Amino acid sequence: MTILTSDTDPRTSNTSFDADERARRLDAAASAWGNRIDSDRTAAHLTYRVRGTGEGSVATRVRAGAHEFSIDEPAALAGDDTAASPVEIALGAIAACQVVVFRLYSHALGIPFDDIDVTAEGDLDAARLFGKDDSVRAGFSAVRVAIELSGSEPLERYEELRAVVDAHCPVLDLFANPTAVTTSVTKG
């Protein structure tokens with residue numbers, strides 16, 4: 001397994017570029033990964049790692065590679081409301097992954113669009129969280145992802161693109177399918 005982390009300082013990264021630059025970067029990444037996987041299938045096996053440390057009332061400082069961010073809860077859930085909640089971050093992850101995979105396959109399939117806006121919405125019954133009803137899921141009972149694309153292609157082409165994205169989006173897969181999870185605790 002390869003641990004995929006970034007050594008780039010996010011404060012110096014160039015995040016503003018045009019469609020030609022995006023296309024160049026998509027081509028370069030697809031080519032590099034394609035060659036890597038073709039020469040060694042195990043090169044596609046990645047391990048991501050983040051570390052969370054408790055802060056404040058119930059907040060968490062998360063470190064992911066060279067990046068740090070906070071996750072908190074609203075006051076109604078004992079938080080200080082200093083950052084998005086864990087479930088909002090999860091919905092943000094599905095929205096962000098959709099943007100990435102839409103851009104990747106838009107370019108690969110020649111189905112261009114101008115702008116993308118993704119809204120992810122999830123329904124959660126907090127009764128399980130508070131130990132009041134063990135018959136409901138602790139997590140989302142339903143998630144809805146709405147993608148709005150602007151561009152010159154007909155809706156049918158964008159539906160074709162959506163179907164390919166749905167089949168290849170890692171975070172959508174996490175939400176849609178069971179994933180083996182193990183937990184452990186140690187004494188520090």
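How many Å separate the centres of domain 1 and domain 2, taken over C-alpha atoms? The separation is 23 Å.

Before selecting anything, note that this is a predicted model, in which local features need pLDDT of at least 70, side-chain atom pairs count only at pLDDT 80 or more, and totals for chains, interfaces and linings use all residues. Residues are numbered from 1 along each chain as its sequence is written, and side-chain values use heavy atoms, with hydrogens and water left out.

**Whole chain.** Show the C-alpha trace, which spans about 50 × 40 × 35 Å along its principal axes. Switch to cartoon: the chain has 4 helices and 7 strands, in the order β-α-β-β-β-β-α-β-β-α-α from the N terminus. Helices (H or I, at least four residues) and strands (E, at least two) are DSSP runs, numbered from the N terminus.

**Two domains.** Select 49-83 for domain 1 and 85-178 for domain 2; these bounds come from an automatic or database domain assignment. Across the boundary, 6 residues of domain 1 are in contact with 5 residues of domain 2, where contact means heavy atoms within 4.5 Å. The area buried between the domains is about 390 Å², and carbon and sulfur atoms give 79% of that area. Buried area is the accessible area (1.4 Å probe) that two parts lose on being put together, summed over both.

Next select Ile 71, Glu 73 and Leu 77, which supply 67% of the area that domain 1 buries against domain 2, more than any other three residues. Between the domains there are 0 salt bridges, a salt bridge being a side-chain nitrogen of Lys or Arg within 4 Å of a carboxyl oxygen of Asp or Glu.

**Helix 1.** Salt bridges do occur in the model, with a count of 10. For one of them, select Glu 21 and Arg 24, whose side chains meet at 2.8 Å, N to O. Both residues lie in helix 1 (residues 19-39), 3 residues apart, about one turn of the helix.

**Aromatic pairs.** The whole structure holds 2 aromatic pairs. Rings of Phe, Tyr and Trp (its six-membered ring) pair if their centres lie within 6.5 Å; planes under 30 degrees apart count as stacked, over 60 as edge-to-face and the rest as tilted. Select Phe 102 and Phe 113: the ring centres are 6.4 Å apart and the planes stand at 80 degrees, so this pair is edge-to-face. Phe 102 is in helix 2 (residues 86-109) and Phe 113 in the loop between helix 2 and strand 6 (115-124), so the pair ties together parts 11 residues apart in sequence.
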